[in-house]
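Let's ask where each label comes from.

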Amino acid sequence: MFKIYFDGAITKNPGGFASAGALITENGRIVKEVSEGIGYGENMTCNVAEWSALLKALTFMKSNNLQDEIIECYGDSQLVIRQCQGKYKISKDSLYSLVANECSKLLKQFRYISFHWIPREMNLEADKLSRVAA
């Protein structure tokens, strides 16, 4: 079983420098760490950073042909988790909606994927990775 822990960071919301972090494990063993800058400017928000972190993790999973594996995704953004679960709509016309919709399309290619909200204290590794790129 794979677990994805993801988080986004931004220096100023909105409009700062956004970055993404993700930790991917398989049965407790680290498979991949993601720590990347996303961009800077008025279109950057914490939600863009969060969705970008998930998108980068899912892109790695797909590029390694892992769409049929059992995948559990963990994040500390209730909004993003509930949007992934289909409980909340993605309604903004912005970079946020573009990234979220790109991610949503990618999600449809995974067979066994679930989303779980966790408190920030349980997402420290992904948080650390998101801040390394900032």
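Q: What makes the radius of gyration of the protein chain agree with that of a compact globule?
A: This is a predicted model, and the check is quick. A compact globule of 134 residues would come out near 14 Å, and the protein chain has 14 Å, so the two agree. Along its principal axes, the C-alpha trace spans about 40 × 30 × 25 Å. As for burial, 47% of the 134 residues count as buried.

Q: Which elements make up the protein chain, and in what pattern along the sequence?
A: There are 4 helices and 5 strands. Reading along the sequence gives β-β-β-α-β-α-α-β-α. On the contact side, take pairs of residues at least 6 apart in sequence: 71% of those contacts join residues at least 24 apart.

Q: Why is H1 called roughly parallel to H3?
A: The axes of H1 (residues 46–63) and H3 (residues 95–107) cross at roughly 25°. Angles under 35 degrees count as roughly parallel, so H1 is roughly parallel to H3. The axes come within 9 Å, and H1 passes H3 in a left-handed crossing.

Q: Which residues make the contact between H1 and H3, and how do they divide by type?
A: From H1 the list includes Val 48, Trp 51, Leu 54, Leu 55 and Leu 58. From H3 it includes Tyr 96, Val 99, Ala 100, Cys 103 and Leu 107. The residues of this contact divide into 12 nonpolar, 4 polar and 2 charged. Lys 62 of H1 and Glu 102 of H3 are among the contact residues too.

Q: Why does Cys 73 count as buried?
A: Its relative accessibility is 0%, and buried means under 20%, so Cys 73 counts as buried. Cys 73 sits in strand E4 (residues 70–75). Leaving aside neighbours within four places in sequence, Cys 73 is in contact with Ile 4, Phe 6, Leu 54, Ile 113, Ser 114, Phe 115 and His 116. One of these, Leu 54, also belongs to the H1 side of the contact with H3. Leu 107, from the H3 side of that contact, is 34 residues along the chain from Cys 73, with 11 Å between their C-alpha atoms.

Q: What makes Ile 70 partly exposed?
A: Ile 70 has a relative accessible area of 47%, which falls between the 20% and 50% limits, so it is partly exposed. Ile 70 is in strand E4 as well. Beyond neighbours within four places in sequence, Ile 70 is in contact with Met 1, Phe 2 and Tyr 112. Phe 2 is 68 residues away along the chain, yet the C-alpha atoms of Ile 70 and Phe 2 are separated by 6.2 Å.

Q: How do you know whether Ile 10 is buried or exposed?
A: At 18% relative accessibility, Ile 10 is under the 20% limit, so it counts as buried. Ile 10 belongs to strand E1. Past its neighbours within four places in sequence, Ile 10 has contacts that include Gly 15, Phe 17, Met 44 and Cys 46. Arg 29 is another story: Ile 10 and Arg 29 are 19 residues apart in sequence and 28 Å apart in space, C-alpha to C-alpha.

Q: And Ser 97: why does that one count as buried?
A: Ser 97 has 7% relative accessibility, and the limit is 20%, so it counts as buried. Ser 97 lies in helix H3. With neighbours within four places in sequence set aside, Ser 97 is in contact with Ile 90 and Lys 92.

Q: What makes Asn 27 and Asn 65 worth a look in the backbone?
A: Most residues other than glycine have a negative phi. Asn 27 has a positive phi of about 50°, and Asn 65 has one of about 55°. Asn 27 is in the loop between E2 and strand E3 (29–40), while Asn 65 is in the loop between H1 and E4.

Q: Why do Asn 27 and Asn 65 count as exposed?
A: Exposed means over 50%. Asn 27 has 62% relative accessibility, so it counts as exposed, and Asn 65 has 63%, so that label holds there too.

Conventions. Residues are numbered from 1 along each chain as its sequence is written. This is a predicted model: local features need pLDDT of at least 70, side-chain atom pairs count only at pLDDT 80 or more; totals for chains, interfaces and linings use all residues. Side-chain values use heavy atoms; hydrogens and water are left out. Axes are lines fitted to C-alpha atoms, for helices over the stretch in contact, and angles run from 0 to 180 degrees between N-to-C directions. Helices (H or I, at least four residues) and strands (E, at least two) are DSSP runs, numbered from the N terminus. Angles under 35 degrees count as roughly parallel, over 145 as roughly antiparallel, 65 to 115 as roughly perpendicular and the rest as oblique. A crossing is left-handed if the near helix is turned anticlockwise from the far one by less than a right angle, and right-handed if clockwise. Contact means heavy atoms within 4.5 Å. Ala, Val, Leu, Ile, Met, Phe, Trp, Tyr, Cys and Pro count as nonpolar, Asp, Glu, Lys and Arg as charged, and the others, Gly among them, as polar. The radius of gyration is taken over C-alpha atoms; the globule rule is 2.2 Å times the number of residues to the power 0.38. Buried means under 20% relative accessible area, exposed over 50%, partly exposed in between (1.4 Å probe, protein chains only).
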